[in-house]
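Here are a few notes to read alongside the model. I have grouped them by topic, and each point can be checked in your viewer.

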Amino acid sequence: MTYRFFTPTPTRAATGLTAAVYQQLRDDFLGPLPTFQALSAVPEVLAATWALMREALLAGDASRVERELVATVVSRANRCQFCVDAHVLLLHALGASKLAEAVARGETPPEPEHARLVEWAQASRSPRAADWTSPYRVEITGTLLVFHFINRVVSALLDPDLLPGGLQRSPLVRSVGGRLYARAAREPKEPGRSLPLLDADATAAPAWAGDSPVGVAYASLRDAANRGGELLGEVARETVTATVRWEDGRFPARPADWAVDLVRDVPGTDRIGTRIALLAAFAPSAISPGDVALWRLSHPADADLVRLVAYGAITATDHVARALASAHL
């Protein structure tokens, strides 16, 4: 596994909130995987991302197979190969091997309920165009939202191959890996355990989540990740927000050129940060070493790069969540 722009602090050196999150990852998931290590430079974003993933994907009574299916399909819609590979493997671990391989090939599952879930999850990439909302349980909806965020962070900060040469995409490797992780994947998790890790000052949970821990975790992630916008001026933030709304999930044909055109009217000191945030929202793998090198001239800390990427990612994710909010008015 290779990190694109920096190497996080080793897990054994973690302290404070980061160490507490890593311990829960060991207890309830597969350990502090690269996704979470990349976020460790900003512990409050790390904690909120883990909380939303745990409460949505792992805890509660909703079908875990359905949730892993949603995680996989959203990751395909966002072109995050790393996450597709990881969650196809977890479908194998849950005993859904035929479903896992069908989704890995981009096929529509034969079971009608699974096919409806696939269509729904794919449509969320462009929620306004699809007139998208959610008829599903809060855990399934929360799973969809957390992977809209995670996919963008992963595509920005990690290389796509979990194993050398992309071995994780071999059906045999997926099957063997699934057997190795079967016990951990199938253990039930009690809701709410992650909530003590969160900022007590987070805004109220959104209406679509009711009183579920999923809503508390989403509100905390939205607040923590949005703070990255403080690295940019008002015009820059307005450019990111407006672009996310009017482009509605469209994939730019040439992301680098597209981003250059959009930041022409942004004050010079904010152009590179706005460019990175826009790419994080739409085409995160297109963030280049040159982009990051220019950003580091004024913001050398790894934490500021993570904050900026998280800001772009949550702006795109909250565009999806706002479709849910409008349905509850």
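**Notes on the predicted model**

1. Let's start with one arginine: R307 has a relative accessible area of 28%, so it is partly exposed. Please keep in mind that this is a predicted model. The partner of R307 in a salt bridge is D304, with 3.0 Å between the closest N and O atoms. D304 counts as buried because its relative accessibility is 15%, and the cut-off for buried is under 20%.

2. How far apart are R307 and D304 in helix α15? They are 3 residues apart, so about one helical turn separates them. In general, an α-helix has 3.6 residues a turn, so residues three or four places apart point the same way.

3. Spanning residues 302-327, α15 gives 14 residues to the largest nonpolar core, the most of any contributor. That core holds 106 residues, and F149 and L157 touch the most other members.

4. Now back to charges. The whole structure has 17 salt bridges. R250 pairs with E247, their closest N and O atoms being 2.7 Å apart. R250 is partly exposed because its relative accessibility is 38%, whereas E247, at 14%, counts as buried.

5. Another pair to look at is D223 and R222, whose side chains meet in a salt bridge at 4.0 Å, N to O. Are these two residues buried or exposed? Both D223 and R222 are buried. There is also a network of salt bridges that links D27, D28, R54, E55 and R193. In general terms, side chains of opposite charge can pair when their charged atoms come close.

6. Finally, a look at helix α4, residues 64-77. At 1.5 Å a residue, its 14 residues should span 20 Å, and the end C-alpha atoms are 20 Å apart, so the two agree. Of those 14 residues, 13 are buried, leaving α4 mostly covered. At the start of α4, a side-chain oxygen of S63 comes within 3.3 Å of the backbone nitrogen of V65. After the helix comes R79, with a positive phi near 60 degrees.

Notes. Residues are numbered from 1 along each chain as its sequence is written. This is a predicted model: local features need pLDDT of at least 70, side-chain atom pairs count only at pLDDT 80 or more; totals for chains, interfaces and linings use all residues. Side-chain values use heavy atoms; hydrogens and water are left out. A nonpolar core is a set of buried Ala, Val, Leu, Ile, Met, Phe, Trp, Tyr and Cys residues joined through side-chain atoms within 4.5 Å. Buried means under 20% relative accessible area, exposed over 50%, partly exposed in between (1.4 Å probe, protein chains only). Helices (H or I, at least four residues) and strands (E, at least two) are DSSP runs, numbered from the N terminus. The expected span of a helix is 1.5 Å times one less than its number of residues. A polar contact is a pair of N or O atoms within 3.5 Å; within protein, one must be able to donate a hydrogen and the other to accept it, and residues adjacent in sequence count only if both atoms are side-chain atoms.
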